[in-house]
Each structure stands twice: as C-alpha cells, then as structure tokens.
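Please keep the sequence and the structure in view while reading.

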Amino acid sequence: MRLGSPRRRTAFTLIELLVVIAIIAVLIALLLPAVQAAREAARRAQCVNNLKQIGLALHNYESSGGSFPWTQGTTSARYPTINNGAMPWDSPAGNGDEWANFGAFALMLPHMEQTPLYNAINFGFGMETFSGQSGSGYDRVQSTVIVTVINSFICPSDGGGIGRCNYRASNGTNFDWWSREGGAGFLTRPQRGGQGIGTIASATDGTSNTIAFVERCRGDGSTAKYSPGDVYPGAIPTGFPNYILSTAADYAYLISTAIPACISFAKANPGATWDYGGFYWAAGEYTNTVTNFVLTPNSKVPDCSPWGGVGTGYGFFSARSRHSGGVNVTMGDGSVRFIKDSISYQVWYGLGTRSGNEVLASDSY
C-alpha cells in the first residue's frame with residue numbers, strides 16, 4: 001500500500017547557477033578596485049615614510065657637519081690610483097672621472113642606521129658606473145657595498161624596476177651636472193672655483209619652499225618598450241643658452257627645440273633607451289641618484305639626453321612615480337609633500353631652485 005509518492009530531490013537549475021555566478025563576478029569587480037586602492041595606499045604610505053627618513057638623515061647630516069651632502073663628489077679615481085681631489089678640467093688637471101662619483105645617499109648612510117655599509121666604502125677610490133650600469137661596471141674595491149639593497153631607497157609601488165634606488169637628490173634647474181647658482185637646487189655639486197656646498201643659509205627661498213629629493217622610477221632593464229625610468233641617449237641638441245631651465249631663454253629653447261627633438265627621436269627609435277636608471281644608490285650622477293627640474297612630474301614627454309650611449313651627463317631626468325596623479329617629494333625642511341602632475345613649469349622650477357626669489361601660492365601645487 002503506497003502511503004505517498006517519494007519526495008523529489010531539488011537542485012539549482014542552470015539559470016539559477018548562472019545568476020549566482022554573475023552576482024559573484026559583479027561583487028568581485030566591485031571589490032577588486034577597492035582592494036587594489038588599499039594596497040596602493042599602503043605602498044604610497046611606505047614611500048612617504050622612506051622620504052621622511054631621507055629628510056631626517058639630511059638634517060642629521062647637516063647638524064653634524066654644518067652643511068648638506070653633495071649631489072656628486074670628486075673622489076672618483078679608479079683603483080689602484082688614488083684620487084687627487086680634482087677633475088680633468090681643473091687647473092692643474094685632476095685624475096677623477098665625473099661619472100664615477102659617490103652621491104648624497106652614500107654620505108648619509110650613518111644617519112640612516114647603515115654605518116657598517118658606510119664604513120665598508122673606500123672613499124679613496126670612485127665607482128666605475130659609466131660603462132657598467134647593467135651590473136658589472138663597479139670598482140672592485142666597492143663591490144661588497146654598492147650592490148646591497150637598502151629598502152629605504154626603494155618605493156614599493158615601483159615593482160617593475162631592477163635598480164636599487166627610487167629617490168633622487170635635486171640639482172635644481174641645471175641641465176647638466178654642474179650646480180650653477182642661478183639654477184642651484186637644495187643640494188649642490190661643489191667644485192673648485194665654482195659652486196660651494198649647500199647649507200641652510202644658502203636656501204634663501206626657505207627650506208619649506210625648496211625640494212631636496214624627489215621620486216623617479218627605476219629602469220626596467222629592457223629595450224622592448226619605453227618605461228618611466230628610461231632615457232633616450234643622443235636624442236636632443238645642446239643649444240641651451242645658459243643650461244639653466246628657469247631662465248626665459250632656456251625655457252624657450254626647451255619648448256621650441258629640445259622637446260620636439262626628443263619626441264621625434266623617441267618615435268623613430270622606440271627601443272633606443274638606456275634602461276638601468278637607479279641601478280646604484282651610491283653613485284652620484286643623473287642615471288642613478290640625481291635629478292633636475294626640466295620637465296614637470298610624470299611628463300608625457302619622455303626623458304632624453306644629448307649624451308650618446310648612456311645619457312648620464314646632462315638631459316631630462318624628471319621626477320616620475322607609479323602613484324596616480326603625482327609624485328612624493330622631500331622638502332628642504334624634511335617634510336614630505338605630494339606634488340600633482342598638473343603643476344605648471346614655472347611653479348615647478350620655483351620649487352626646484354633654492355634662491356630664485358619666487359613667490360609661490362600654496363594652492364599652486
């Protein structure tokens with residue numbers, strides 16, 4: 001005798017499954033940008049902290065020595081020749097190589113809890129970086145030091161770089177590595193008969209109105225495409241009247257001649273880039289730890305240099321980052337600010353020079 005029909009097993013229909021999957025996909029699509037934004041916020045906060053540490057080390061250095069470190073020194077003779085303190089163009093001529101000097105970060109190591117590394121540097125010799133950015137060109141007596149990775153010098157947002165340094169000391173609006181007073185940045189390259197070392201007193205625009213360090217993307221080591229840390233060498237002419245971009249004549253030459261030449265070269269030679277930017281945190285020259293204020297932050301114009309081969313001595317070495325909308329910078333007073341990509345050239349130049357007597361509104365950047 002049948003007491004009733006057996007209960008039928010229920011299950012999701014195909015349409016119901018598809019609806020559930022679609023809902024999950026929509027939720028993921030909504031949540032993923034928020035997760036990515038949270039991760040980038042954390043990376044950006046770490047980058048800000050790195051620049052604050054650099055700013056603190058800068059002022060600890062000044063407190064102990066009475067001046068700021070150089071952007072590029074002159075202890076650059078190659079092993080086994082000891083440097084005589086002069087460059088080849090000095091009178092009498094020296095035996096230094098201008099591309100093989102130590103920079104500000106090497107000098108500030110003791111103030112960044114890196115005293116053992118500092119003590120391991122042999123400042124009697126330089127570091128050969130001109131022909132060896134890809135990894136084999138350092139001086140043998142420095143090899144135990146300069147290939148060390150220091151996390152405080154790397155922005156975690158720049159995950160694609162192969163270099164060891166994301167931060168650059170400002171050389172102001174000077175087009176080359178000389179530190180002429182008319183375009184001098186917060187730090188300088190002292191030289192005999194020329195520019196002296198940077199001090200608080202020399203920053204007449206005020207330490208809170210002058211940038212000391214900026215971000216710059218590291219090179220990616222690949223010529224397959226242009227990346228923000230790369231440079232096109234041999235791409236622009238050298239006809240700047242003063243080599244100081246904050247002067248009217250040089251700015252006019254930049255807009256009318258240098259930038260068009262750079263863009264044209266890049267279009268015709270997309271793979272002809274120098275791809276090892278920031279490779280050595282110890283080296284004091286443009287391709288590693290020095291920047292200038294020629295182009296505004298994250299400019300659509302690529303970085304170019306008149307110097308063939310590696311583009312180390314002069315050119316565009318711009319502030320660039322992987323952060324959306326701008327770059328982090330350390331001001332001369334040690335504070336860190338976020339500078340928008342939309343900043344004008346003239347305001348950017350004003351922030352880059354220490355004694356230009358510009359009046360800058362706080363809402364202009």
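Which residues have the most contacts inside the largest nonpolar core?

## Basis of the report

The model is predicted: local features need pLDDT of at least 70, side-chain atom pairs count only at pLDDT 80 or more, and totals for chains, interfaces and linings use all residues. Residues are numbered from 1 along each chain as its sequence is written, and side-chain values use heavy atoms, with hydrogens and water left out.

## The largest core

A nonpolar core is a set of buried Ala, Val, Leu, Ile, Met, Phe, Trp, Tyr and Cys residues joined through side-chain atoms within 4.5 Å; buried means under 20% relative accessible area, with a 1.4 Å probe and protein chains only. The largest such core has 48 residues, and Ile 54, Phe 153, Leu 187, Phe 213 and Trp 281 have the most contacts inside it. At least two residues each come from helix 1 (14-65), helix 2 (104-108), helix 4 (143-146), strand 1 (167-170) and strand 2 (211-215). Helices (H or I, at least four residues) and strands (E, at least two) are DSSP runs, numbered from the N terminus. Helix 1 gives the largest share of this core, six residues.

Another core, of 33 residues, lies apart from it and includes Tyr 243 and Leu 351.

Strand 2 is largely enclosed by the rest of the structure, because five of its five residues are buried. Strand 2 pairs in the antiparallel sense with strand 1 over three bridges, where two strands pair if DSSP finds at least two bridges between them. Phe 213 in strand 2 is the bridge partner of Ala 169.

Strand 2 also pairs with strand 6 (residues 326-331), in the antiparallel sense and over three bridges. In strand 6, Val 329 is the bridge partner of Val 214. Leaving aside residues up to four places away in sequence, Phe 213 has contacts (heavy atoms within 4.5 Å) that include Leu 51, Ile 54, Phe 105, Ala 169 and Val 329.

Methods: Buried means under 20% relative accessible area, exposed over 50%, partly exposed in between (1.4 Å probe, protein chains only).
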